[in-house]
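Hi,

Could you take a look at the structure below when you have a moment?

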There are 2 protein chains.
Amino acid sequence: MTEASFSAIWINGERMRPDALHLSACDRGFTLADGLFETMHLFHGTVFRLDRHLRRLTRGLAALGIPARSELRDWVLDAVDAAGDVEAGVRLTVTRGPGAAGVAPPADVRPTVTVTVNPLPAVPPDVYASGLAAHVASGRRNQHAMTSGLKTLAYTDAIAAYLEAQRAGAADAIFLDTDGHCSEATSNNLFALIGGTLVTPPESCGALPGITREAVLELAPVLGVQTAERPFALAELVAADEAFLTSSLRRIAPLVRVGERPIGNGRPGDLTRRCADAYLSLVRAECGSRHLSSLDTP
Amino acid sequence: MTEASFSAIWINGERMRPDALHLSACDRGFTLADGLFETMHLFHGTVFRLDRHLRRLTRGLAALGIPARSELRDWVLDAVDAAGDVEAGVRLTVTRGPGAAGVAPPADVRPTVTVTVNPLPAVPPDVYASGLAAHVASGRRNQHAMTSGLKTLAYTDAIAAYLEAQRAGAADAIFLDTDGHCSEATSNNLFALIGGTLVTPPESCGALPGITREAVLELAPVLGVQTAERPFALAELVAADEAFLTSSLRRIAPLVRVGERPIGNGRPGDLTRRCADAYLSLVRAECGSRHLSSLDTP
């Protein structure tokens, strides 16, 4: 994208200077990762599937016992309106707000809500043309965690895996769950074409119920491809005919190598490209019909 | 304690008003739990085993690739000097600092360091007299996590387990690891007297290498009790003769009930009290000889 210089921050509905200080050091989002977030795709004035993001967030807030402020949707829309006709990432973060030391939440909870509008992350153009390589993380995803399936602030493990992947010369890391099944990448869901079925790990393998993942599960049958949410091992992934990663900002990125092993012929697969095109059409249809140059797959 | 009203905050060595705003909403400590912390016991001007806390933190920073600022120790000491002759908790937090959206760290890392001096958390007086009850968390601790053994900011699971324990009428939660071995409580290490040996879960069960835990492992042999770091199952814990939890701020708290099952006779055990007394003496010896009324065990 060309409008890459803006970045705007709203705290509890109030616009703040990006370079200002916004938060208390006692905010439990900062001290204990006591909160949740959504990363959303702003497509020229419309957030793709905002209501599904808000529904997932609200479920998470209820699970953590954090009150869901009724203004959440309005605050996102305010930020989006102010951002104007751009393509961007929108991040909505809700924490339990300030608290004293210790895990025990305060009696008087005043959640902190931040909305940031950011340039889309720089995806090297050859990711879509050539696909990316993933490292298999040395640590495991915990499908039995208290907060499995929730998009909490606790991304420390994902960062450690990302750094490990970088050291291994890979663009991302794939987590296995503690049973050895494929789970997801550091912040992307995983799909693999196995025996003619487009397979993705179920939530029971520690996968986040991603919004883009959900869209792909809707689209694939329309493309004539059967889908399944079922556990599969690393050996099945590397033997797959093709594979790809999904997220709101990276969208659909071909996965062509895992560790030393190419997937399929080591090139982005045909179904991957068809899913990427169909997803692009879906975003256009739901958010507007304008040409979306930076989303074009090669 | 009676000096319960103070709370002071230092950001990168600079004293800030506690009620001010201190941090950017783009700080990766806030957005992704990309950082680590230490909670330490300030005993009338001296932090108990500050250097061991700093060593553990430095190890963690190296593991996450966050530069360790050389001023860390000085900044803690500045905050401690300003706090004066009080008993308090000192929290040192180091994050990777501000960053753009996404797990990929910025090229130019400017870590954020916060030091807060806080009143000791209110421990109900009967915790030491009567002991506390723990719930067994429904979710598991992941001993195979990328950051297992590091005191990262990712406490979301601990908070969820704490809330679950509260709903069950318990004061804390015990995590099992994914193999079903006892791991630790939400922010305390766990000890159990099993067959005459004082046992604590090893790091390989997802336990944090706690500073108080380490002190207990030093002290118990002096009290004539053998220790072991070895895995043990929940059945062994509930059949133990006594048990206790340890942390820098709660120190040594008798654990007298797990779920519906009393431990031993359901009262704080003799060894627990002797360990608590010995620990208190150690703190006094290393930090000064003043009488420490609020640490007195009944």
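Let me begin with a pair of strands in chain B. Strand E3 (residues 35-43) of chain B is joined to E4(B) by 2 bridges, and the two strands run antiparallel. To find the spot, look for B:Phe43, whose bridge partner in E4(B) is B:Thr46. Please keep in mind that this is a predicted model.

Where does this pair sit in the sheet? The sheet of chain B is open and has 6 strands, in the order E2-E1-E6-E5-E3-E4, with antiparallel pairing. Strand E2 (14-16) and strand E4 (46-47) of chain B each have a single partner strand, so they stand at the edges, and one side of each is left without a neighbour in the sheet. As a reminder, strands of a sheet pair through backbone hydrogen bonds, either parallel or antiparallel.

Two helices of chain B lie across this sheet. H2(B) lies across E3, E4 and strand E5 (87-95) of chain B, and its direction is at about 175 degrees to E3(B). Helix H8 (residues 270-287) of chain B lies across E3 and E4 of chain B, running at about 85 degrees to E3(B).

Helix H2 (residues 50-64) of chain B packs with helix H3 (residues 72-83) of chain B at an angle of about 140 degrees, their axes being 11 Å apart. H2(B) and H3(B) are therefore oblique to each other, and the crossing in which H2(B) passes H3(B) is right-handed. Which residues of the two helices meet? From H2(B) they are B:Leu50, B:Asp51, B:Leu54, B:Leu57 and B:Leu61, and from H3(B) they are B:Leu72, B:Arg73, B:Val76 and B:Leu77. Sorted by class, this contact of H2(B) with H3(B) has 7 nonpolar and 2 charged residues, and no polar ones.

H8(B), for its part, meets helix H6 (residues 211-222) of chain B: the axes come within 10 Å and cross at roughly 110 degrees. That makes H6(B) roughly perpendicular to H8(B). Here B:Thr212, B:Ala215 and B:Leu219 in H6(B) meet B:Ala278, B:Tyr279 and B:Leu282 in H8(B). The contact of H6(B) with H8(B) divides into 5 nonpolar residues, 1 polar and no charged.

Now over to chain A. Its open sheet of 6 strands has the order E2-E1-E6-E5-E3-E4, with antiparallel pairing. The edge strands are strand E2 (14-16) and strand E4 (46-47) of chain A, each pairing on one side only. Strand E3 (residues 35-43) of chain A pairs with E4(A) in the antiparallel sense over 2 bridges, and A:Leu42 has A:Val47 as its bridge partner in E4(A). Helix H8 (residues 270-287) of chain A packs on the sheet and touches E3 and E4 of chain A, its direction making about 85 degrees with that of E3(A).

Chain A also has a hairpin to look at. Strand E8 (residues 172-176) and strand E9 (residues 182-185) of chain A pair in the antiparallel sense over 3 bridges, with A:Phe175 opposite A:Glu184 in E9(A). The hairpin has 5 residues between E8(A) and E9(A), and A:Gly180 in the turn has a positive phi of about 90 degrees.

Finally, how are the chains related? Chain B is superposed on chain A by a rotation of 180 degrees with 0.0 Å of shift along its axis, at an RMSD of 0.0 Å. That is the relation of a two-fold axis. The same surface serves both copies, as 100% of the contact residues of chain B recur in chain A.

Best wishes

Technical notes
Residues numbered from 1 in each chain as written. Chains lettered and ligands numbered in written order. Predicted model: local features only at pLDDT ≥ 70, side-chain atom pairs only at ≥ 80, totals over all residues. Heavy atoms only, no water. Least-squares fit on C-alpha atoms with pLDDT ≥ 70 in both. Contact = heavy atoms within 4.5 Å. Axes fitted to C-alpha atoms, helices over the stretch in contact; angles between N-to-C directions. Helix = DSSP H or I, 4+ residues; strand = E, 2+ residues; numbered from the N terminus. Parallel < 35°, antiparallel > 145°, perpendicular 65-115°, else oblique. Left-handed = near helix turned anticlockwise from the far one by under 90°. Nonpolar A, V, L, I, M, F, W, Y, C, P; charged D, E, K, R; others polar. Pairing = 2+ DSSP bridges.
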